[in-house]
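These are my notebook entries on one structure. I set down what I looked up, entry by entry.

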Amino acid sequence: MERYKRQELFIGKNKQKRLNKSIVAVIGLGALGSLVSELLARAGINLTLIDRDVVEITNLQRQVLFTEKDLGELKAKCIKKHLAEINSNIKINSSAIDLNFNNIKLIRNADLILDCTDNLETRFLLNEFALKNKIPMVYGAAIRDKGTVMNIIPGKVCFNCIFNKSSSNETCDTSGVLNTITSLTASIQANEAIKILTNQDYETGLIRIDLSNNSITRLGLKKNPNCSVCNGIYEYLNGKKDKDFIKFCGSNNFQFRRKNNLEELKKRLSKAGKITGSREFIKFDNIIIFKDRVMIKADNENEARSLYSKYIGD
Ligand SMILES: [Zn+2]
C-alpha cells in the first residue's frame, strides 16, 4: 500500500504485511498510551484501546492526541475517533473500562500488549496475563525528565522478577513530567513493539532514558528464581489481590467498583445538583459514575468514602 511506502522501503514487504495483520492492545491512554497508539496506527497496526478515564485539562500538556474539544469526554472514545481519521484501513476496538481480572480476557486476541498504565496493580495483573497467555508485553513509564522501558517476553525475565509491590510509585501527579520524555519513552516503546512483532532483535535489558544529560543506559536483567509469577502463581489474575476500592496513585482519584443504574442515579442526583455526561457515564460535582464503577476526586480516603455514601449509597 502506498501509505506505508517509506516504512516498507526500510523494513521490507513481509514485515509490513506482518504489522498489518497484528493486533496490539494498548492499556492506559495517557501520555505514553496516546502517542504509542498514534505511532502504531500510522504504521498500520490494528489496535485494542483500553482506558478508564475522561480527558482533563491537565492532560493536554503531554497527551498528544487530545484537543480542548475532548475535555470531559472518554479517552478511549476520543482516541478511537482521532485514529480512525488518521488511518481508516486498520481495525480499532476501544473500551472505556477499568481493566481487572474479570474483564481482562478482552485482550486475549492481542499479539502484543503495551503497558502504558499509571498504577502497579494493573501492571502486575497485565504481567500475569501476558505470561500465562504467552503474549509479549512492553512496559513503559515516565516521570520528571526520566523514562523506563522494558520488554517482557514469556519465559524470560518478567515484571514481577524486577519490581515488587512496594516499588516506588512516584507519579506524574506528584512529581511532574515533561512532554519531551513521555514522547521519547513512547517512541522507544512503539519501536520495541514493532521489533518484537516482526521478529527482529529486541532489547533484553531495562532501558533508562535521562534527558538531563541525554543518556540512554541499559541495565542487564536476570530472572528471579523465587519469582512467584514465573513459578505459575497468579494472584492478580485469580482475583486474590483484587480490591473493590482503589486509590489511584497520586491523582486523588478514588474508585469504587459497583454496578450502577445510570438512569436511576441521574434522576436521583439531578435533585441535588447539576449533572452532565453521556450515555456511558454521568458526572456530578467531583463524581463520575460509570455502569461498572464510581470515581471520586477527593483530598483523602475519608472524604471520598463520605461523598460515596452521601450521593451513591450502598
Ligand atoms: Zn518473574
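I began with a convention: a crossing is left-handed if the near helix is turned anticlockwise from the far one by less than a right angle, and right-handed if clockwise. I worked from a predicted model, in which local features need pLDDT of at least 70 and side-chain atom pairs count only at pLDDT 80 or more, while totals for chains, interfaces and linings use all residues. I number residues from 1 along each chain as its sequence is written.

**Entry 1. Overall form**

I counted 10 helices and 14 strands in the protein; helices (H or I, at least four residues) and strands (E, at least two) are DSSP runs numbered from the N terminus. The C-alpha trace spans about 60 × 50 × 40 Å along its principal axes. For 314 residues a compact globule would have a radius of gyration near 20 Å, and the protein agrees with its 20 Å. That radius is taken over C-alpha atoms, and the globule rule is 2.2 Å times the number of residues to the power 0.38.

I noted that 39% of the 314 residues are buried. A residue is buried if 20 or more other C-beta atoms lie within 10 Å of its own, exposed if 12 or fewer, and partly exposed in between, with C-beta atoms placed from the backbone. Of the contacts with a separation of 6 or more, 66% join residues 24 or more positions apart; contact requires C-beta atoms, placed from the backbone, within 7 Å.

**Entry 2. H3 with H4**

At what angle do H3 and H4 pack? I found about 25 degrees between H3 and helix H4 (residues 75–86), with their axes 10 Å apart. H3 is therefore roughly parallel to H4. Axes are lines fitted to C-alpha atoms, for helices over the stretch in contact, and angles run from 0 to 180 degrees between N-to-C directions. Angles under 35 degrees count as roughly parallel, over 145 as roughly antiparallel, 65 to 115 as roughly perpendicular and the rest as oblique.

H3 crosses H4 in the right-handed sense. Ser-34, Ser-37, Glu-38, Ala-41 and Arg-42 of H3 meet Ile-79, Leu-83 and Ile-86 of H4. I sorted the residues of this contact into four nonpolar, two polar and two charged. Here Ala, Val, Leu, Ile, Met, Phe, Trp, Tyr, Cys and Pro count as nonpolar, Asp, Glu, Lys and Arg as charged, and the others, Gly among them, as polar.

**Entry 3. H3 with H8**

The axes of H3 (residues 31–42) and H8 (residues 179–197) come within 8 Å and cross at roughly 45 degrees, so the two helices are oblique to each other. Their crossing is right-handed. On the H3 side I listed residues including Leu-35, Val-36 and Leu-39, and on the H8 side residues including Thr-182, Ala-186 and Ala-190. The contact of H3 with H8 has nine nonpolar, six polar and no charged residues.

**Entry 4. Phe-256**

I located Phe-256 in strand S10 (residues 253–257). Phe-256 is partly exposed, because 19 other C-beta atoms lie within 10 Å. Leaving aside neighbours within four places in sequence, Phe-256 is in contact with Asp-244, Phe-245, Arg-293, Val-294 and Tyr-308. Phe-256 and Met-295 are 39 residues apart in sequence, yet their C-alpha atoms are 6.4 Å apart.

**Entry 5. Positive phi**

Asn-199, not a glycine, has a positive phi of about 60 degrees. Asn-199 is in the loop between H8 and strand S7 (206–210), and is exposed, with 10 other C-beta atoms within 10 Å.

Asn-214, also not a glycine, has a positive phi of about 55 degrees. Asn-214 lies in the loop between S7 and strand S8 (215–219). Is Asn-214 buried or exposed? Asn-214 counts as exposed, with 8 C-beta neighbours inside 10 Å.

Notes:
Two residues are in contact if their C-beta atoms, placed from the backbone, lie within 7 Å.
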